[in-house]
Amino acid sequence: MARELKLMKGNEAIARAMIASGADGYFGYPITPQSEVMETLMAEKPWETTGMVVLQAESEMASINMVYGGAATGKKVATSSSSPGISLMQEGLTYLAGAEIPCLVVNVMRGGPGLGTIQPSQSDYFQSVKGGGHGDYQLYTLAPASVQEMYDFVFDAWDIAFKYRNPVLILSDGAIGQCMEKLYTRDNVARWTEEERRANAPWATWGKPATRPHNIITSLELDSARQEVFNLKLQKKYAEMKEKEVRYEMLNCEDADYIIVAYGSSSRIAMKAMQMAREKGIKVGLFRLITLFPFPSKQLAEVAKRVKGILCVEMSAGQMIEDVKLATECGVKTEHFGRFGGIIPTPGEVLEALENKIIK
Amino acid sequence: MTEEIIIAGFGGQGVLSMGKILAYSGVMQDKEVSWMPSYGPEMRGGTANVSVIISDERISSPIINQFDTAIILNQQSLDKFEHSVKPGGLLIYDPNGITHEPTRKDINIYKIAATAKAQELGISKVFNMVVLGGFLKLKPIVDKQYIHEGLEHSLPQRHWNLIPQNEEAIEIGKSIIEPVQVL
């Protein structure tokens, strides 16, 4: 597919981007509100065109371990699910991080805890950036706020995943997954040839030539001293991501008296609230997080010095706000506003919260 | 120009596809668009609704709770959304099955007997296009040629033979919509 203008759901954009970005495989298990990802892949039958494998596994645990197996060979492999399914994948994710296997995981969040609701939520922030599984690890976490970003971030995810040998998480929610918007598709990227795969993933298990020792993919180390060296190596990698791979967007922050910090669909609602506030003469800016890990701490701290207050908007009880307060060292009044259980706050409610919690 | 619309009715009335055709027509006319369905438990039987925004500018929130236009196809949806129309806005409803008429005095109200007309003509499948026609008569926010392209992009190619019937239904809708209250 060449560059074309389309109208499609966020979930469909994820699936089409996987095919267009030369993914080798997708393993998944259906769950609302992300079922269109696999539905689209099954309807598109990429195994007949690009050769991409699409398989419905028997569970989310199976999916994530199939990702481990496929990605350990240096292939571009992805899975997707929604909150309860992502919880089931946590063991696999920490193993993937521990074995330094690049891959793509998409979470289209819904309300929790437990089975919760099928409507949009953003209450998986802690799970995503504070280590949902055990051990000191991080997932590079992208938060798309539009259908176009759902599409584009899949392409970006492969670059980061293979550059750092690290799993990448696209953290979306039911609103962006189900919403249809305009989308410009990109030219198809061909799947890697066997030679390209060996060149791009020299560490992977693609067969041992006589010229090098075994490539071993594992997260097990019995020697503590060696494990500590490995832990330090991981931390160095995460520090490099913090240095080089932070992404964010600032709207009207230059002259703002107050800012709203938000990501994903909440940032869209916050953008409308910002416009409403500006119409009333209140100078509000929007600091939109694009990467949740690495968190744009320095950049946010810089803006925070110039404002009188920060409202954090997230469809949760207040998770992201902890990182906002850490970034700004609680130097400015910071409050949280959110709704739960699949209820999406309205722009009017956000503006009201800003006026009542911050401005008053 | 920004037009914020809610289309609401029963599942199976073509609410979501009406929204999609309208949104796709907007895309073809180089507008910014968003289409946000209710996909909750209500979609598994019962009511269905979709918010469509068509604009000349970047759309901030695809999730809105105040509308320029509400297109209402059953009583539950009328009860739910009559009060979400912005003052001075537009309410269009199909009187089929409506027992309590709208009561707002600060909005424009039109009715379109699309269910009855579609049954009479034996075109129940394109009932939603009759309704869309009524809306486009009052708010011609997308041009006819782009509706044609919107239909082409929304329908699978094997159903393109039905496009003329859809376009005819839109014209019928334009001719049967009638004012109830005009400010």
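Author: A residue counts as buried if 20 or more other C-beta atoms lie within 10 Å of its own, as exposed if 12 or fewer do, and as partly exposed in between, with the C-beta atoms placed from the backbone. Residues are numbered from 1 along each chain as its sequence is written, chains are lettered from A and ligands numbered from 1 in the order in which they are written. The model is predicted, and local features need pLDDT of at least 70, side-chain atom pairs count only at pLDDT 80 or more, while totals for chains, interfaces and linings use all residues.

Reader: How many helices and strands does chain A have, and what percentage of its residues is buried?

Author: Chain A has 14 helices and 14 strands. Of its 360 residues, 53% are buried.

Reader: What radius of gyration does chain A have, and what would a compact globule have?

Author: The radius is taken over C-alpha atoms, and the globule rule is 2.2 Å times the number of residues to the power 0.38. For 360 residues the rule gives a value near 21 Å, and chain A has 21 Å, so the two agree. Along the principal axes, the C-alpha atoms of chain A fill a box of roughly 70 × 50 × 35 Å.

Reader: What share of the contacts in chain A joins residues 24 or more positions apart?

Author: Two residues are in contact if their C-beta atoms, placed from the backbone, lie within 7 Å. Among the contacts in chain A with a separation of 6 or more, 79% join residues 24 or more positions apart.

Reader: How many residues does each chain give to the contact between A and B?

Author: Chain A gives 19 residues and chain B gives 18. On the side of chain A, the elements that give two or more residues are β1 (5-9), α8 (174-178), β8 (180-184) and α11 (264-279). The largest share, 5 residues, comes from α11(A). For classes, Ala, Val, Leu, Ile, Met, Phe, Trp, Tyr, Cys and Pro count as nonpolar, Asp, Glu, Lys and Arg as charged, and the others, Gly among them, as polar. By that scheme the side of chain A that touches chain B has 11 nonpolar, 4 polar and 4 charged residues.

Reader: At what angle do α5(B) and α6(B) pack?

Author: Axes are lines fitted to C-alpha atoms, for helices over the stretch in contact, and angles run from 0 to 180 degrees between N-to-C directions. Angles under 35 degrees count as roughly parallel, over 145 as roughly antiparallel, 65 to 115 as roughly perpendicular and the rest as oblique. Helix α5 (residues 144-154) and helix α6 (residues 163-176) of chain B pack at about 135 degrees, with axes 10 Å apart. The two helices are therefore oblique to each other. From α5(B), the contact is made by Ile147(B), His148(B), Leu151(B) and Glu152(B), and from α6(B) by Ile163(B), Asn166(B), Glu167(B) and Ile170(B). These residues divide into 4 nonpolar, 2 polar and 2 charged.

Reader: Which peptide bonds with proline in chain A are cis?

Author: The bond from Gly112(A) to Pro113(A) is cis, with omega near 0 degrees, and Pro113(A) is in the loop between β5 (103-109) and α6 (125-129) of chain A. The bond from Phe293(A) to Pro294(A) is also cis, with omega near 0 degrees, and Pro294(A) is in the loop between β12 (291-293) and α12 (297-304) of chain A.

Reader: Is Cys330(A) buried or exposed?

Author: Cys330(A) is exposed, with 11 other C-beta atoms within 10 Å. This residue has a phi near 50 degrees, a positive value in a residue other than glycine. Cys330(A) sits in the loop between α13 (320-328) and β14 (333-337) of chain A.

Notes
Helices (H or I, at least four residues) and strands (E, at least two) are DSSP runs, numbered from the N terminus.
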